[in-house]
Amino acid sequence: MSTTETREQQAGTRGGDGPLRGTPASRGAAVGPVVRVPEPLGEPAAGPAVPAERREAEAARIAPAAAEVAARLMALGGRPGLAPDVANVLFATSMMAEDPALLDAATALVREHGTPPARAVHEAAARFVAALQAAGGYMAERAGDVADVRDRLVAELLGVPAPGVPPLDGPSVLVARDLAPADTATLEPGTALALVTEEGGPTSHTAILARSLGVPAVVACRGAAGLDEGTLVRVDGTAGTVAVVPAGTPVGADVAAAGPRAVTGPVTTTDGHRVAVVANIAEAKDAERAAEVGAEGVGLLRTELTFLSATTEPTAADQRAGYAATMAPLAGTAGVPITARTLDAGADKPVPFLHMPPEPNPALGVRGQRVFDQGTADHDGVLDRQLAALVGGAADAGVRLKVMAPMIATAGEAARFVARARAAGVDEVGVMIEVPAAVLGARELLAEVDFVSVGTNDLTQYLFAADRQSGALAGLNDPWQPALLRLLDQLCREAVVAATPVGVCGEAAADPDLTVVLVGLGVTSLSASPSALPAVAARIAALDLDTCRRAASAALAAPDAEGARAAVRAAADAG
Ligand code: PEP
Ligand code: MG
């Protein structure tokens with residue numbers, strides 16, 4: 001058996017009676033009781049129709065179910081310590097659950113047409129959602145709340161658990177098939193001790209979220225579905241294991257497994273080669289974490305996460321204020337750059353207000369910068385308004401702004417983006433390298449930009465034709481794959497000729513062993529979740545550039561990902 005087979009088969013298996021094995025997705029370890037996250041609900045069945053003699057009784061189930069849902073939402077909103085805005089949303093949605101117009105419409109469908117009650121609620125809510133969306137503005141923003149209430153009511157009527165992350169009474173290990181960004185908005189590191197998913201790869205949203213919370217995570221962990229609610233487990237996000245532990249084992253994060261806690265000073269190798277260690281952030285609390293751990297700036301501000309629940313385009317003033325608030329925690333760190341990525345809509349990042357038409361292959365469709373590129377779609381000035389808001393927000397926060405576009409494949413796309421960003425007043429403009437064609441066309445592309453930043457998550461998915469969300473393909477979506485490293489090598493060689501800085505902001509930059517290779521290849525900045533940065537900085541500071549170069553050569557020459565890991569460990573030990 002080759003080493004590749006060993007690793008690829010290792011993803012999602014259980015070694016005899018030993019721990020469950022998955023793909024390591026966020027470092028550290030924690031012990032806690034399992035809390036299972038119910039699967040999202042599909043559309044309830046439209047039939048069979050309720051017989052005439054049962055319609056009254058079935059219709060009469062709707063109001064008590066709504067009362068139960070409303071009471072639960074009220075109780076959730078009343079939990080001590082909840083942020084007031086979250087509590088207010090929960091109180092408002094609890095009132096929505098008992099909205100007489102919604103309940104009357106659903107009840108009428110059961111009485112008059114024999115529609116099953118869960119389906120009736122679904123259909124009645126759909127009309128409300130459509131009406132709210134048509135009204136636009138503030139009303140349209142409530143459509144997502146109605147959909148949430150609808151799903152809770154449907155679950156209650158079907159007698160199945162409500163979808164989404166349940167309220168956590170205490171420190172817990174969340175176990176799910178997969179987690180959507182919206183599921184996890186209210187998670188806190190104190191209560192969500194660790195995340196384990198059956199699906200997802202090391203670059204999925206669960207992994208990104210876990211790193212931003214600074215909690216350990218294991219993804220693509222087949223067998224996790226067999227863990228019962230309340231079972232005490234130890235999740236090791238560095239090794240990628242989940243083990244059942246004896247009752248009475250102390251619950252909490254394993255601080256010793258977490259490694260160093262801060263980036264100390266400008267990061268250099270032992271022989272003085274400078275590497276910028278910067279943060280991936282999406283909102284103000286990430287920026288606060290970045291400042292706390294001593295990040296030297298932001299290499300990736302993911303702007304679309306702010307828009308995930310917006311059903312209309314946020315106003316220019318709201319966008320500007322939002323960006324300023326996100327950037328403000330880093331304002332004290334004079335001169336450090338904040339690199340914002342413009343909207344990366346589509347595929348794994350739905351942006352409802354763009355109303356993008358469905359496509360058979362969204363990951364290969366009009367997504368990322370293609371949504372705004374005159375060569376393909378353009379979208380009525382949304383990009384120009386975002387650029388202006390970023391410039392304004394950075395000025396308000398008093399930070400240095402760099403901007404880059406996602407999903408660029410050609411030099412022409414890069415040139416059009418650069419022109420628009422400069423017209424909006426951005427001084428430093430770059431693009432992300434996420435499509436293999438951009439590397440093969442690097443000579444022309446690099447001539448258009450001030451910097452590039454490699455999104456290894458997407459670059460790997462497109463290089464291997466392997467969906468980054470797929471647990472089964474986690475072995476291919478492995479940034480240690482020599483084919484990916486050879487592509488990066490080619491990019492870095494072109495970048496030296498063009499004298500263009502090359503950053504990496506995909507999850508590859510969160511793996512301290514792999515960052516040794518990246519530095520050896522010539523990458524000039526590493527951007528990862530704040531919690532990953534201290535370990536990355538410590539590893540670089542412990543080695544000289546020659547050792548990094550030797551490690552890179554060894555990885556490039558390896559036959560497979562596991563061989564690359566082993567070769568780099570050997571090269572680093574010899575250094
Ligand atoms: C990437 O693709 O590597 C990246 C950093 O962007 P995202 O994960 O947000 O797609
Ligand atoms: Mg990407």
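An oxygen atom of ligand 1 lies 3.1 Å from a polar backbone atom of Thr456, a polar contact in the sense of a pair of N or O atoms within 3.5 Å (within protein, one must be able to donate a hydrogen and the other to accept it, and residues adjacent in sequence count only if both atoms are side-chain atoms). Before going further, please note that this is a predicted model, in which local features need pLDDT of at least 70 and side-chain atom pairs count only at pLDDT 80 or more, while totals for chains, interfaces and linings use all residues. Residues are numbered from 1 along each chain as its sequence is written, chains are lettered from A and ligands numbered from 1 in the order in which they are written, and side-chain values use heavy atoms, with hydrogens and water left out.

Let us stay with the ligand. A polar backbone atom of Gly455 is 3.3 Å from an oxygen atom of ligand 1, and an N or O atom in the side chain of Arg341 is 2.9 Å from an oxygen atom of the ligand. The protein covers 100% of the 290 Å² of accessible area that ligand 1 has on its own; such areas come from the Shrake-Rupley method with a 1.4 Å probe, and for residues only the protein chains shown count as cover.

Which residues are closest to ligand 1? Arg302, Lys349, Glu434, Asn457 and Arg468 are the closest of the 15 residues that surround the ligand, where near means having a heavy atom within 4 Å. By class, this shell has seven charged, four polar and four nonpolar residues (Ala, Val, Leu, Ile, Met, Phe, Trp, Tyr, Cys and Pro count as nonpolar, Asp, Glu, Lys and Arg as charged, and the others, Gly among them, as polar). Helix H16 gives the largest share of the shell, three residues; helices (H or I, at least four residues) and strands (E, at least two) are DSSP runs numbered from the N terminus.

Now for the space itself. Ligand 1 sits in the largest cavity, meaning that more than half of its atoms lie within 2 Å of the grid points. On a 1 Å grid over the protein atoms alone, a cavity is a set of points where a 1.4 Å probe fits but cannot get out, a pocket is an open set with protein on both sides within 12 Å along at least five of seven lines, and lining residues have an atom within 4 Å of a point. The largest cavity has a volume of about 70 Å³, the space filled by probe spheres set on points joined across faces, edges and corners. Its lining of 13 residues has Arg302, Arg341, Glu434, Asn457 and Arg468 closest to the centre. H16 again supplies the largest share, three residues.

Elsewhere, the second largest pocket has a volume of about 350 Å³. Of its 22 lining residues, Ala276, Val278, Pro337, Lys402 and Ser525 lie nearest the centre. Strand E16 (451–454) is among the strands that each supply at least two lining residues, and E16 gives the largest share, three. The lining divides into ten nonpolar, seven polar and five charged residues.

Most residues other than glycine have a negative phi, and most peptide bonds are trans. Gly47 and Pro48 are joined by a cis peptide bond, with omega about -5°, and Pro48 is found in the loop between strand E4 (29–36) and helix H2 (55–59). His355, in the loop between E13 and helix H12 (382–397), has a positive phi near 45°.
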